[in-house]
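Reader: Could you show me how to read a helix and a sheet in a structure like this one?
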Amino acid sequence: MAVIEVDELYTPTGLIEKAKLTVPSLKEDLWFKSGVYPGFSDCHAHPHVIDAGLEGGPWRNYVEWMLKRKLRVDEKALREDLNACTKLSKLTLMLSLLQGVTLIALTGNFRANLRAVAELRERPRVVATPTIINMNGWDPLDRILPVLSYVETLDTEETFKLGIFCHSLKFTRTMEIVKCYRLAENNGLVFALHLSEGVKELRELAKLLRLPGRTRIIGVHCIEDEDYKSLGVKVVQCLSSNLTLYGRTQKNLELVESFGSDWPLIFGGFFEEIVKALKLHGQKNTYKILEKASIGGYRLYGVEHGNDYIFFDEKLEKALRLKILPSYVFVRGRATVVEGLIGNFNYDSLRKIVETYKEFLLEKYSSEGSSKWRR
Ligand SMILES: [Zn+2]
């Protein structure tokens, strides 16, 4: 295993100015101009969304968007294709890793995400959350419960964690949200949901779950002006999807705990998200944003971060400005990305595979001829 030495001065906040890497098989040490410890944490990603019905906006809120969007893809049919979803999960994990994501929270087809986690050798740490939603093609709670207890028995060396994701107040039955929250409380699981996406929902949620409770709630989106903090709701901001769907997002950086790429295979992934966050919240907040985008996500999900590192061949400011990806990515001390490669794949070659596969699936599961939107 490589021995990593970093400039102590910058490690407490997670930003590394200079780093030396000693690899036993190499004659000379490797030096890097910058790094981030413990790597980036993408706190909300749907790996199986390849089309989101983006035309027709801006929408007023998520209910309007969910009901009126026109999809090119038959979402239900795609979601039920375990092999296709597994491949999309794997592609998302690899693309993310190449961007320096060392922790990612995945939602969507739960079995596909689990298979990807089990089958991929090089991947970020993963928090997988089955989605509880009362629509066709999604797992209802009864189908998920047995899987939860099975997963708890797996030994994944701190690189996998389980949580529960309720879709939203409007698309998940009230009783199931309450049940899931209790389940999370009793089993020490992470609990998350889409919240306040164009409509103020905090008060309704607080009443339903009698907040603040013992278990923190991860609120994804939360673009409204509400007091999330005092009720124990931790906000994950998904800038790209908020701005695309509603033309607005949460402006108060103090309320934002961390960031999520939401639809990485549409918007390009977490690195893009950080670049957008710097634009929206201002360069003066660079350190704050990077802290939230790295250790912030680990804290949020309660995930170990020991020996997770990413290193750049350029200074961080330049890497972010010119979108230069890290050359080395370490997860739990293991070099997963080496000189910008996972095995034979670099970012560009993987990106091409993603685009070709998306086109193939859009064709195979075309919604043409079926209803314009799906429930
Ligand atoms: Zn989402």
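Author: Gladly! Helices (H or I, at least four residues) and strands (E, at least two) are DSSP runs, numbered from the N terminus. The expected span of a helix is 1.5 Å times one less than its number of residues. Helix α6 covers residues 174–187, and its 14 residues should span 20 Å; the end C-alpha atoms are 20 Å apart, which agrees. This model is predicted, so local features need pLDDT of at least 70 and side-chain atom pairs pLDDT 80 or more, while totals for chains, interfaces and linings use all residues. Residues are numbered from 1 along each chain as its sequence is written.

Reader: Which residues of α6 are buried?

Author: A residue is buried if 20 or more other C-beta atoms lie within 10 Å of its own, exposed if 12 or fewer, and partly exposed in between, with C-beta atoms placed from the backbone. In α6, the buried ones are I177, C180, Y181 and A184. They sit on the same side of α6, because their arc around the axis (taken from the directions from the axis to the C-beta atoms) is only 100°. The face turned away from that buried side carries M175 and N186, which are exposed. Just after α6, G188 has a positive phi of about 65°.

Reader: What is the strand order in the open sheet of 3 strands?

Author: Two strands pair if DSSP finds at least two bridges between them. The order here is β1-β3-β4, with antiparallel pairing. At the edges are β1 (3–6) and β4 (30–32), each pairing on one side only. β1 joins β3 (residues 19–22) over 4 bridges, and V6 has A19 in β3 as its bridge partner.
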